[in-house]
Amino acid sequence: MSADPLRSLIDGRPNDAVSVLDRGLQYGDGLFETIAVFAGQPCLWQSHIARLSQGCARLGFAAPDADALRDDAAQLTQGCERAVLKVLVTRGQGGRGYRPPASAQPRRIVTLHDWPEYPEAFGEHGVRVRWCDTPLSANSRLAGLKHCNRLDQVLARSEWDDPAVAEGLMCDESGQVIEGTMTNLFVFSNGALQTPALDRCGVAGIARDQVLAAARQLALPVSMAPLDRQAVLNADAVFLTNALIGVWPVAELAGRTYDPTHWPRDLFARVVERCRQP
Ligand SMILES: Cc1ncc(COP(=O)(O)O)c(C=O)c1O
């Protein structure tokens with residue numbers, strides 16, 4: 001079934017089909033942003049657009065015009081209370097081989113989606129989480145980017161279908177815990193936060209940045225250091241973030257339950273509030 005064309009713009013025009021020669025389709029040669037829409041406003045718009053532009057620079061193609069993206073977003077979100085806006089940019093069309101043709105014109109694809117039906121209780125009472133067996137691929141040139149190669153996550157997310165398990169945690173090949181399939185990971189112990197460095201793999205999340213900023217406001221120490229499975233299991237509290245959910249505390253991981261009285265709820269409240277800002 002084709003998407004409602006009014007909910008999908010390609011280069012600013014209602015459209016839901018790209019060329020078979022688009023490099024996003026052929027090679028995953030592109031980047032995307034998944035943006036929460038609240039009260040008709042895309043949240044943390046500038047942060048998303050800044051990450052997208054930095055990603056384009058790292059991949060070596062021109063970032064889309066920020067005003068054009070703003071217009072696309074306004075057109076799709078008009079009168080919309082709560083939704084998900086996805087902005088996807090590909091290097092454009094052309095070249096049967098990998099070599100990017102100089103003539104390729106970057107393409108912008110903006111789509112509007114229903115808000116996911118996550119139970120409200122996830123943010124309040126926490127979620128059940130599992131370990132994934134699929135390792136994350138490491139590549140320092142791609143680390144941090146929200147690029148269109150997501151097969152690690154697709155395989156990891158196919159590892160379970162129990163709806164009671166909200167997220168799976170992924171490690172790199174050396175067994176260091178990096179992030180969830182769709183979230184960044186923090187542990188909290190003895191009043192200090194720790195989150196994995198994302199210099200070899202992982203997505204540098206927009207919500208992760210909000211945690212770092214909120215921790216600075218609350219004068220909570222934060223370290224970015226390798227984290228093994230045992231350190232996650234031993235932590236006082238563990239939580240997950242992304243731009244849609246804000247924060248999910250982990251209530252249970254592989255049989256280990258975390259005591260909610262140890263959760264840094266003042267930090268959570270600040271992060272959720274920050275994630276709802278335009
Ligand atoms: C693999 C992965 N890591 C982390 C995140 C969190 O990123 P953000 O905070 O920008 O939503 C996402 C979001 O979809 C993700 O897919």
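The questions and answers below take this predicted model from its overall build down to single residues.

Residues are numbered from 1 along each chain as its sequence is written. Because the model is predicted, local features need pLDDT of at least 70 and side-chain atom pairs count only at pLDDT 80 or more, while totals for chains, interfaces and linings use all residues.

Q: What makes the radius of gyration of the protein agree with that of a compact globule?
A: The radius is taken over C-alpha atoms, and the globule rule is 2.2 Å times the number of residues to the power 0.38. For 278 residues that gives a value near 19 Å; the protein has 19 Å, so the two agree. Along its principal axes, the C-alpha trace spans about 55 × 40 × 35 Å.

Q: How many helices and strands does the protein have, and what counts as one?
A: The protein has 8 helices and 15 strands. Helices (H or I, at least four residues) and strands (E, at least two) are DSSP runs, numbered from the N terminus.

Q: What share of contacts joins residues at least 24 apart?
A: Two residues are in contact if their C-beta atoms, placed from the backbone, lie within 7 Å. Among contacts between residues at least 6 apart in sequence, 71% join residues at least 24 apart.

Q: Why is Val 238 called buried?
A: A residue is buried if 20 or more other C-beta atoms lie within 10 Å of its own, exposed if 12 or fewer, and partly exposed in between; C-beta atoms are placed from the backbone. Val 238 has 27 C-beta neighbours inside 10 Å, so it counts as buried. Val 238 sits in strand β13. Beyond four places in sequence, its contacts are Leu 185, Val 187, Val 232, Val 250, Leu 253 and Tyr 258. Across the protein, buried residues make up 39% of the 278.

Q: Why is Asn 190 called exposed?
A: Asn 190 has 7 C-beta neighbours inside 10 Å, so it counts as exposed. Its place is the loop between β10 (184–189) and β11 (192–195). Asn 190 also has a positive phi of about 50 degrees, although it is not a glycine.

Q: What makes Asp 11 and Asp 71 partly exposed?
A: Asp 11 has 16 other C-beta atoms within 10 Å, so it is partly exposed. Asp 71 has 14 within that distance, so it is partly exposed too. Asp 11 lies in the loop between β1 and β2 (13–14), with a positive phi near 50 degrees. Asp 71 belongs to helix α3. The C-alpha atoms of Asp 71 and Gly 12 are separated by 8.0 Å, though the two are 59 residues apart along the chain.

Q: How do you know that the span of α2 agrees with its length?
A: The expected span is 1.5 Å times one less than the number of residues. The 15 residues of α2 should therefore span 21 Å, and its end C-alpha atoms are 21 Å apart, which agrees.

Q: What makes the buried residues of α2 line one face?
A: In α2, Trp 45, His 48, Ile 49, Arg 51, Leu 52 and Gly 55 are buried. Seen down the helix axis, they fall within an arc of 160 degrees, so they line one face. The arc is that of the directions from the helix axis to the C-beta atoms. On the other side, Gln 46 and Ala 57 are exposed. The buried residues pack against β3, β4, α3, β5 and α6.

Q: Which residues come nearest the ligand, and what counts as near?
A: A residue is near if its C-beta atom, placed from the backbone, lies within 6 Å. Of the 14 residues around the ligand, Val 203, Gly 205, Ala 207, Asn 242 and Ala 243 come nearest. Helix α6 gives the largest share of the shell, 3 residues.
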